[in-house]
Structures are given as structure tokens and as C-alpha cells.
Amino acid sequence: MLHLVTAFRFDGRVQSGRTVPCRLTCEDEFGEEVEVVAKLSAGCDRGVGALAMEAIAGILAADLDLPVPEPFLVSLEHDFVAGIPDATVADIANRSSSIAFGSKHLPPGYTSWPVGKAIPKDVIQVAAEIFAFDALIVNDDRRPNNPNCLFSGNSLAIYDHEMAFFMNGIIGWHPPWQIGALESYRHPGRHLFSDQLRGRPLNLDRLKGAWLAITNNRLEVYRTALPPEWHDARISCDQALNHIGQVRDNIDLALGEIRRVLS
Ligand SMILES: Nc1ncnc2c1ncn2[C@@H]1O[C@H](COP(=O)(O)OP(=O)(O)O)[C@@H](O)[C@H]1O
Ligand SMILES: [Mg+2]
């Protein structure tokens with residue numbers, strides 16, 4: 001569920017992205033090639049914590065059957081880093097953990113969600129589930145001007161979860177299962193999909209069932225999938241995993257709060 005691959009070819013930076021993500025071709029344990037968009041710890045404000053949040057959110061999204069590209073751990077070996085031809089990326093790589101986060105490069109045909117695009121009827125249901133996912137994992141980073149969502153004509157793909165689970169020390173933050181916690185989602189433009197979902201009938205039963213299936217044992221599997229190289233992020237990881245379990249234990253209240261702010 002979080003396979004380790006080894007980078008062997010640098011294919012350039014992606015055009016957008018604050019954290020200087022880049023495209024890498026990697027090899028898995030069977031010698032198969034995998035192309036990923038990789039994030040390096042020194043490119044991210046939260047360092048290895050950002051990579052760990054990406055990984056946890058990516059595994060969770062996959063468990064919930066949400067459209068997320070497969071997440072990978074990407075080993076950056078010394079010789080590979082020494083050969084990176086882009087000076088900016090080489091500098092970041094030299095200051096980064098030897099394990100990066102990778103998101104499997106989506107096939108051609110996906111383009112960024114255009115500003116103001118009406119949600120097609122066929123993807124309304126998944127858009128509602130993505131909204132709920134973001135509200136529940138405290139991900140503020142999917143907005144009309146920064147969609148972090150690609151669209152292929154009939155499928156969505158979500159990525160960029162490094163800011164998720166950022167709740168400690170945030171004044172006024174309340175867990176989503178408390179009434180009023182998600183009130184700010186009533187503000188226009190607060191989430192990529194919130195304005196268009198408001199007032200529609202929402203069916204979150206499938207998402208509820210999937211979240212209820214994430215047992216504490218399963219959360220332990222998430223924990224053990226994270227590499228020792230990201231040890232400095234262990235407190236944030238524990239908090240994120242606890243949070244996922246608490247959402248599960250309070251799922252009816254949390255989904256009720258989501259329905260309330262979209263009513
Ligand atoms: N799995 C992927 N497949 C294709 N393109 C991707 C993928 N992940 C990210 N991208 C592209 O890379 C850009 C930057 O990635 P993102 O994770 O949003 O980084 P940042 O945190 O720097 O914004 C995205 O806007 C998107 O265009
Ligand atoms: Mg982004």
C-alpha cells in the first residue's frame with residue numbers, strides 16, 4: 001500500500017507547485033518502471049512531516065476509494081542525487097530526507113480543474129465525498145484558485161495533502177464532529193466544491209461505511225508503513241492517525257456537521 005521505489009531518472013520539475021515537485025522515473029522491487037511526481041522534504045515547510053501527511057492522506061484516500069494516484073516512498077540514493085541536472089532541485093535534494101514522497105504520475109488526458117468550472121453531473125457524488133474527506137482530515141488546501149485536483153473528462157484525481165491534519169495550536173480549531181466546527185465552510189470559495197454542493201442532496205453513506213471499516217489495526221498498518229527516515233514527524237503522525245480513528249468513532253456527528261454547513 002506504500003511501496004518503496006528507487007529513483008533513477010530525473011524528468012524535470014512540474015510546471016506548478018510551491019514545493020518544487022519533480023517528475024522522477026523509478027524502479028520498483030521487481031524492476032518495473034514507475035513514474036511519479038515527487039516531493040522532497042526540504043522543499044516543504046513542514047519537512048518530513050509534510051511527506052508523512054501526504055502518505056497518510058494518500059493511503060486513507062485509497063482505503064476510502066477516493067480517486068487518489070497511488071502513493072509511493074521514493075528512495076533518493078546518493079548517486080542519483082549527485083546527478084540531478086537542475087541546480088535548484090539538486091540543492092533541495094541535498095538537504096532532504098533520502099526518502100521522498102511520490103504520487104504515481106497520472107496518465108495523459110488529465111488537466112487542472114478550471115476556475116469556475118461547473119461540476120459535471122457524473123462526478124457530483126465523488127466531489128461531495130472529496131469535500132467531506134477534506135473537511136474531515138483538516139485539509140484546507142483545495143480551493144478554487146488552488147484546486148489540487150485534475151480532471152480527465154469523466155474522472156477526478158486529487159493530490160497535495162501535505163497541509164492536512166494541521167490542527168495543533170490553531171486558535172479556534174474544533175474537531176469536525178463538534179457542532180459549529182466547520183462553520184467557515186459556509187464562506188464563498190472556502191473549498192473547491194463547497195459553493196456548488198450547497199443545497200444539493202448529499203449521500204455520504206458510502207463514505208461513512210468505508211471510514212467505519214478503518215480499524216485501529218489498519219491504522220497500525222499505516223504507522224508501520226512509514227519509513228524510519230521520517231522519524232522526526234512521529235508526533236504529527238500519531239496525531240493524524242488518532243484523528244482518523246476519532247473521526248470514525250464520531251462519524252455520524254461529523255457527517256451531520258458536513259451536511260449542516262452545506263445546507
Ligand atoms: N500524480 C500526479 N500526476 C500528474 N500530475 C501531478 C500529480 N501530482 C501532482 N501533479 C502536478 O504537480 C503540481 C504540483 O503538485 P502538488 O502536490 O500540488 O505540489 P505543491 O504542494 O507544491 O502545490 C500539481 O499542480 C499538478 O499539476
Ligand atoms: Mg499544490
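**Pockets and a magnesium site**

Hi everyone, let's start with the space: the largest pocket here has a volume of about 950 Å³. Please keep in mind that this is a predicted model.

That pocket is lined by 37 residues, and the closest to its centre are Val14, Ser16, Val37, Leu150 and Tyr159. Which elements give two or more residues to the lining? They are strand S3 (33-39), helix H1 (48-63) and strand S5 (99-104), and S5 gives the most, with 4 residues. If you like to think in classes, the lining has 14 nonpolar, 13 polar and 10 charged residues.

Where does this pocket lie? Domain 1 (3-104) and domain 2 (111-261) both contribute lining residues, so the pocket lies between them.

On to the second largest pocket, at about 340 Å³. Its lining has 17 residues, and those nearest the centre are Val138, Asp140, Phe166, Trp173 and Arg190. By class, that lining has 11 nonpolar, 3 polar and 3 charged residues.

Now for the metal. The magnesium ion, ligand 2, is coordinated by Asn148 through OD1 and by Asp160 through OD, at 2.1 to 2.3 Å. These two residues are 12 apart and link distant parts of the chain: asparagine 148 sits in the loop between helix H4 (124-136) and strand S7 (149-151), while aspartate 160 sits in the loop between strand S8 (156-158) and helix H5 (194-197).

Are these residues buried or exposed? Asparagine 148 has a relative accessible area of 7%, so it counts as buried. Aspartate 160 comes out at 14%, so it is buried too, given that the cut-off is under 20%.

How values were computed: Residues numbered from 1 in each chain as written. Chains lettered and ligands numbered in written order. Predicted model: local features only at pLDDT ≥ 70, side-chain atom pairs only at ≥ 80, totals over all residues. Heavy atoms only, no water. 1 Å grid on protein atoms, 1.4 Å probe; cavity = no way out; pocket = protein on both sides within 12 Å on 5 of 7 lines; lining within 4 Å. Points joined across faces, edges and corners; volume = space filled by probe spheres on them. Nonpolar A, V, L, I, M, F, W, Y, C, P; charged D, E, K, R; others polar. Domains from an automatic or database assignment. Donors = N, O, S within 2.8 Å, 3.2 Å for Na, K, Ca; no water. Buried < 20%, exposed > 50% of the residue type's maximum accessible area, 1.4 Å probe, protein only.
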